[in-house]
Amino acid sequence: MVKKIILVFVFIGFFGCETVKKDQLKQGSWLAHLEVMDGEKLPFNFNLSKVDESFVMEVYNADEVITINDIEIKQDSIYIRMSVFEGYIAGTYTQESVEGSYIKESLDRVVPFKAAYGAAPRFTSAHPGTQDISGIWETEFIPDDDDPYIAKGIFTQNKQLVKGTFRTTTGDYRYLEGIVDGDSLKLSTFDGAHAFLFTARVTDSTLNGAFYSGNHSKEIFTAVRNEDFELPDETTLTYLKDGYDTFEFSFPNEAGELISLGDPEFQGKATVVQIMGTWCPNCLDESKFLVDYLKKNNNPNLKVIALAFEYARTKEGAFKGIQRLKDRLGVEYPVLLAQYGTSNKSKANEKLPMLNHVLSYPTTIFIDKKGKVRKIHTGFNGPATGDKYLEFKLEFDTFIKELLDE
């Protein structure tokens with residue numbers, strides 16, 4: 001299905017008339033939506049502008065702004081490539097509309113996409129909100145395999161408008177934005193990698209709803225108010241199995257060179273190992289943090305190295321994604337290819353058998369100057385988690401300084 005769609009756009013956009021109609025796509029505010037499951041639509045707002053005759057798209061999710069500048073227009077076709085992630089939007093356009101699909105080739109996923117020009121709210125409401133959901137919610141998601149997982153909902157509400165996120169033991173759902181319409185909660189986010197929609201019925205103390213990921217997944221969730229609820233300690237979930245004293249690996253870089261912690265570059269250095277994937281928004285948040293931290297704390301005795309687990313189908317495709325991440329974020333530390341063709345965590349654990357499991361992307365391993373694993377942090381509390389993100393940054397800095405001072 002994906003290949004057929006791609007061929008259609010190639011034919012229409014590149015083998016047809018070469019007349020470029022850039023001026024016919026209006027600049028300004030747009031409202032887009034993706035068609036998920038159960039007839040539901042996942043909305044998000046964006047802005048189109050021109051910089052040096054090229055279009056720039058800014059996608060808005062609560063306090064987040066995502067800039068996309070890889071936009072190609074020929075004849076009546078448009079191709080929007082995400083800044084870091086593999087996914088892209090391909091379709092046709094008029095002055096005030098775009099219609100096509102959001103496509104992730106490696107996963108064979110195609111989601112119908114439409115956008116209309118004009119300033120419009122993300123969600124429209126038919127009724128005043130009956131409840132204020134500001135606060136903490138103890139949450140349980142029940143996926144298709146009936147293996148529930150817990151989460152912590154963190155929300156603020158101003159009149160009907162809601163912002164916040166769900167934190168889980170493996171990360172957060174990033175910047176969610178929406179409304180309370182009567183007794184209905186609606187939240188969405190689109191970050192170029194994931195398309196999430198949450199709908200729920202609201203009372204003063206409960207949420208009962210559904211979580212949609214694109215048009216391929218739906219999970220039921222329930223939540224109760226609990227201002228004292230907290231998730232398990234992220235440093236207790238992943239650990240070295242009995243019989244292992246060190247964390248070891250040997251994976252290739254883009255030049256095909258095998259890199260390991262036994263290399264002279266890492267000897268006698270405090271080292272942070274990031275288990276990640278270029279397709280993972282939480283990993284992107286952590287990578288941004290690490291890049292910024294290293295710029296502000298340039299210490300020759302501190303090293304960072306990333307192990308990428310990629311679902312790109314080929315080694316070449318995986319390294320292309322890695323290079324795109326490095327170029328976009330200015331990553332200067334090594335990013336090694338640990339696995340391609342799948343991001344399956346069980347398969348990842350086979351590559352890292354010293355861990356009890358690979359529970360989350362990202363997982364961060366702190367190693368002291370003597371090569372001893374001192375802490376393993378599962379998941380990442382990104383900027384959307386507010387105070388928890390600030391707490392993480394302080395804890396990270398304090399612990400790194402302890403390792404460097406030893």
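**Pockets and core**

Modeller: The largest pocket holds about 1200 Å³ of space. This is a predicted model: local features need pLDDT of at least 70, side-chain atom pairs count only at pLDDT 80 or more, and totals for chains, interfaces and linings use all residues. Residues are numbered from 1 along each chain as its sequence is written, and side-chain values use heavy atoms, with hydrogens and water left out.

Colleague: How is a pocket defined?

Modeller: On a 1 Å grid over the protein atoms alone, a pocket is an open set of points where a 1.4 Å probe fits, with protein on both sides within 12 Å along at least five of seven lines; lining residues have an atom within 4 Å of a point. Volume is the space filled by probe spheres set on the points.

Colleague: Which residues lie nearest the centre of the largest pocket?

Modeller: Y149, T170, Y173, W279 and K345, out of 34 lining residues. The lining divides into 13 nonpolar, 13 polar and eight charged.

Colleague: And what volume does the second largest pocket have?

Modeller: About 400 Å³. It is lined by 20 residues, with R81, E86, S106, A312 and G317 nearest its centre. Seven of the lining residues are nonpolar, five polar and eight charged.

Colleague: Switching topic. How many residues are in the largest nonpolar core?

Modeller: 95. A core here is a set of buried (under 20% relative accessible area, 1.4 Å probe, protein chains only) Ala, Val, Leu, Ile, Met, Phe, Trp, Tyr and Cys residues joined through side-chain atoms within 4.5 Å. F44, F247, F249, L307 and L352 have the most contacts inside it.

How values were computed
Buried means under 20% relative accessible area, exposed over 50%, partly exposed in between (1.4 Å probe, protein chains only). Ala, Val, Leu, Ile, Met, Phe, Trp, Tyr, Cys and Pro count as nonpolar, Asp, Glu, Lys and Arg as charged, and the others, Gly among them, as polar.
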